[in-house]
Amino acid sequence: MFRVYNFAAGPAMLPESVLRKVQQDLLSWQDTGTSIMEIGHRTATFQDMLAKLESKLRKLMNIPNNYKVLFSSGGGQGHFSFIPMNLCGKNKAVDYIVSGTWSERAAKYAARYADVSIVTTATLSSIPAPATWKLNPDAAYVYYCPNETINGVQFADIPEVGDVPLVADFTSSILSDEIDVSKFGLIFASAQKNLGIAGITLLIIRDDLLDQAQACTPEIFNYKLQAEQNSLLNTIPTVPTYMMDLMVDWIINEQGGIVNLAQNNRRKVAKLYACIDNSNGFYTNTIEKQYRSLINVPFTLPTEDLLKHFLVEARQFGLAYLNGHKLVGGARASLYNAMPEEGVDKLIEFMQHFAKKYAE
Ligand SMILES: *Cc1c(COP(=O)(O)O)cnc(C)c1O
């Protein structure tokens with residue numbers, strides 16, 4: 001069967017072994033005689049999977065006991081609004097670190113429910129030094145996006161924000177490396193990048209933040225009510241949750257855990273940046289080295305015409321969806337956990353060949 005290396009930013013590539021498992025479970029899941037697409041969210045089999053998924057995540061990410069793990073819908077962008085709704089019942093002052101397109105949009109959406117202050121704004125190639133940020137020590141939270149999927153900008157370190165709860169959109173970087181959960185008030189990640197397929201959002205929230213919702217918060221998106229009902233306030237998206245479970249199993253059983261995975265990820269992306277930097281300017285990535293994303297690698301070619309040829313010829317070579325986001329143009333290679341090293345090697349081989357052919 002023909003499969004391409006899928007470099008899309010999301011929904012993203014899934015491991016073949018996971019897809020094969022889905023194929024089996026499509027007819028009958030766990031000897032229930034019921035498809036995973038038919039199984040009820042309140043059946044013992046499903047609830048058992050959900051409980052085990054939570055405990056696997058707790059272990060894998062070392063999530064402290066005073067944090068709740070929630071499975072919510074609404075996608076990443078839904079939580080751009082649900083976060084200020086849930087956290088600003090007592091205090092509407094919030095700080096946003098704008099490092100790219102996603103955090104900028106999160107700040108815009110939050111402004112409807114909170115008094116947003118922009119702490120700093122990234123330039124096209126870097127993030128201003130933390131010493132220049134205007135942090136409010138009385139803010140309800142500080143928000144940031146550790147990895148800006150569209151711009152290819154990533155924070156190497158967790159920002160220091162004192163006692164103010166730190167809220168982070170880990171949609172494109174969750175489980176790609178170790179994180180110290182205890183440094184955060186709230187972590188969220190929409191699933192379609194590193195956690196399976198679209199339709200579910202993982203939310204990790206510190207207990208003391210659960211009781212701060214504004215009156216306008218819809219019941220279904222009230223984190224406290226969700227926590228009380230183990231994310232089963234209404235019909236949880238069953239298949240996306242099951243897919244997250246398969247992805248977590250894949251990390252544990254086939255990737256040797258997060259430390260090993262993170263090492264592989266760093267090796268994969270270092271090769272790609274080396275290819276770009278050693279192309280004599282044929283390919284360019286202008287992000288300052290310390291802020292370069294280890295996951296989403298945007299780059300440009302000398303002309304729009306060459307970019308068109310690049311995308312077409314790459315596709316013929318089995319390398320797909322290398323186009324950049326429509327807001328920034330150019331090309332982009334997303335190297336999520338499921339992208340094997342062979343895929344990156346093949347991309348580099350193609351890029352070198354292409355540059356040789358077209359550079360005058
Ligand atoms: C993809 C992405 C989103 C958008 O998620 P949706 O589920 O489509 O709303 C938000 N934030 C980041 C960092 C992303 O990469």
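Author: A salt bridge is a side-chain nitrogen of Lys or Arg within 4 Å of a carboxyl oxygen of Asp or Glu. The structure above is a predicted model.

Reader: Which residue does Lys56 form a salt bridge with, and how far apart are the closest N and O atoms?

Author: Lys56 pairs with Asp249, and their closest N and O atoms are 2.8 Å apart.

Reader: What meets the side chain of Asp245 in a salt bridge?

Author: The side chain of Lys56 does, at 2.8 Å from N to O. This pair links distant parts of the chain, with Lys56 in helix α2 (residues 44-61) and Asp245 in helix α6 (residues 238-254), 189 residues apart.

Reader: Is Asp245 buried or exposed?

Author: Asp245 is buried, because its relative accessible area is 8% and buried means under 20%. Asp249 has a relative accessible area of 22% and is partly exposed.

Reader: Changing topic, what does Glu313 pair with?

Author: Glu313 and Lys357 meet through their side chains in a salt bridge of 3.0 Å, N to O. Glu313 lies in helix α8 (residues 304-316) and Lys357 in helix α9 (residues 341-358), so the pair ties together parts 44 residues apart in sequence.

Reader: How many salt bridges does the count come to?

Author: The count comes to 16 salt bridges.

Note on methods: Residues numbered from 1 in each chain as written. Predicted model: local features only at pLDDT ≥ 70, side-chain atom pairs only at ≥ 80, totals over all residues. Heavy atoms only, no water. Helix = DSSP H or I, 4+ residues; strand = E, 2+ residues; numbered from the N terminus. Buried < 20%, exposed > 50% of the residue type's maximum accessible area, 1.4 Å probe, protein only.
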